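Have the structure open as you read.

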Amino acid sequence: MSFRSIGRSIANPLSAFALLCASILAASALQLVAFSAHAAEELEIEIKIKDHKFDPAAIKLQAGQRAKLIVKNLDPTPEEFESNDIGFEKIIAGNSEATFRVKPLEPGTYIFFGEFHMDTALGHILVE
Amino acid sequence: MLAALVIIFREVLEAGLIIGVVLAASRGVPGRNSAVTLGILAGIVGSAIVALFATRITDAFDGRGQELFVAGILFFAVVMLAWHDVWMAEHAREMTRELRQLSSDVVAGKQSLFALAAAVAIAVMREGSEVVLFMTGIIMQGKDTAGELLFGSAIGLLLGAVVSLALYLGLAAIPLKRMFSVTGALVTLLAAGLAASAGPQLSNAGFIEVLDTKIWDASWLLSQDSSIGRVLHVLIGYMDRPTGLQIIAYAVTACTVFALAYWRGSPKPAQSSLSA
């Protein structure tokens, strides 16, 4: 292998990409250390879906609190319970329920919605 | 009617973009059209089956069934796309030279076609099952007439197909020499994005408790809910608020597929010194 080819292989995009990946991995490992100590108790919250509306549509949580949402779909039609802010999306068939786990959140407002009825199925979680 | 249009458009677009990329990435492979058609048909049948068993899937494994199911098919799709990508990297040079003498690789070609069809089938099944569930819901509500429903769905389907076709034609317009490196990279990032979206599924199922908080928030710059954000999310796995787990899954998948394709597809030393 000549010096030139070694130089080229170092400069190639793959190595640059690998370096980038390595630094992201390192940053993520730091996150692991920061959060592994955190283990809070899980709060259970029940949300009903009736006539394509959430009840309750507004939920309050403490910052850093883990929660378990039990979403009961009382309508005969299926609904997709989704939140881009929290990061879940799951279909709940008519007259059935599903469980969603909410990770510890920073203070703020987190929107959730029913994707199949975006005009009425809207709600949010307020974290303080 | 509008709801049907929006939902169908969105789901068709999501599956269509993946199909467009995969189609462009396999230009010149004999038999790819029938493989893709077969994949789409299998995906449609799969959607109906998944929709039929939706409740049972959700309730399985102590209410974690849907997450596990989605994570499972995502991983399968990642493996299929990676396989196809590596195979294309190995054979791209032959195809760009338009030798098309793949006789010795007929078996390998067939395997790659299986991967292609499987990836398409999964994309269609994932989005299609949502469409089926949504449509059965609308029909059960009985608010819209069948005519309205059909009209809305037809327009949604058409719009989704047109945008996907535009992407395919755009990719196909790239000169053949460069196209396979572009589509190869695109398929790799597509696979990485799918791997990353499996992360929250496992974390929501409670299997992974670490690294499940967001590392950064770029929603002010480009929201994942915006139309550009959505398209980029499907194509290259753009995430506005990725978790540590998602970043790791993305990086590991992208690095692995890139490395495999680079290693398997790199020219022989003798040839590379000639071209240098």
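Let's start with A191(B): apart from neighbours within four places in sequence, A191(B) is in contact with V78(B), L81(B), A82(B), T253(B) and V257(B). Contact here means that the C-beta atoms of two residues, placed from the backbone, lie within 7 Å.

A word on the ground rules. This is a predicted model, where local features need pLDDT of at least 70, side-chain atom pairs count only at pLDDT 80 or more, and totals for chains, interfaces and linings use all residues. Residues are numbered from 1 along each chain as its sequence is written, while chains are lettered from A and ligands numbered from 1 in the order in which they are written.

A191(B) also turns up in the largest nonpolar core, which has 101 residues; V22(B), A119(B), V120(B) and A191(B) touch the most other members. Helix 1 (residues 2-25) of chain B is the top contributor, with 17 residues. Such a core is a set of buried Ala, Val, Leu, Ile, Met, Phe, Trp, Tyr and Cys residues joined through C-beta atoms within 7 Å. Buried means 20 or more other C-beta atoms within 10 Å of a residue's own (exposed is 12 or fewer, partly exposed in between). Helices (H or I, at least four residues) and strands (E, at least two) are DSSP runs numbered from the N terminus.

Next, a helix pair in chain B. The axes of helix 7 and helix 8 (residues 227-236) of chain B come within 6 Å and cross at roughly 100 degrees; axes are lines fitted to C-alpha atoms over the stretch in contact, with angles from 0 to 180 degrees between N-to-C directions. That makes the two helices roughly perpendicular, a label covering 65 to 115 degrees. L186(B), L189(B), L190(B) and G193(B) of helix 7 meet H233(B), L235(B) and I236(B) of helix 8.

Where the chains touch, each of chain B and chain A supplies 29 residues. On the chain B side, helix 9 gives the largest share, eight residues.

Chain A has two helices and nine strands. Four of the strands form an open, mixed sheet in the order 2-1-4-7, and two strands count as paired if DSSP finds at least two bridges between them.

| Strand of chain A | Residues |
|---|---|
| Strand 1 | 42-50 |
| Strand 2 | 53-55 |
| Strand 4 | 66-73 |
| Strand 7 | 96-102 |

Strands 1 and 4 of chain A pair in the parallel sense over eight bridges, with L43(A) opposite A67(A) in strand 4.

Methods
Angles under 35 degrees count as roughly parallel, over 145 as roughly antiparallel, 65 to 115 as roughly perpendicular and the rest as oblique.
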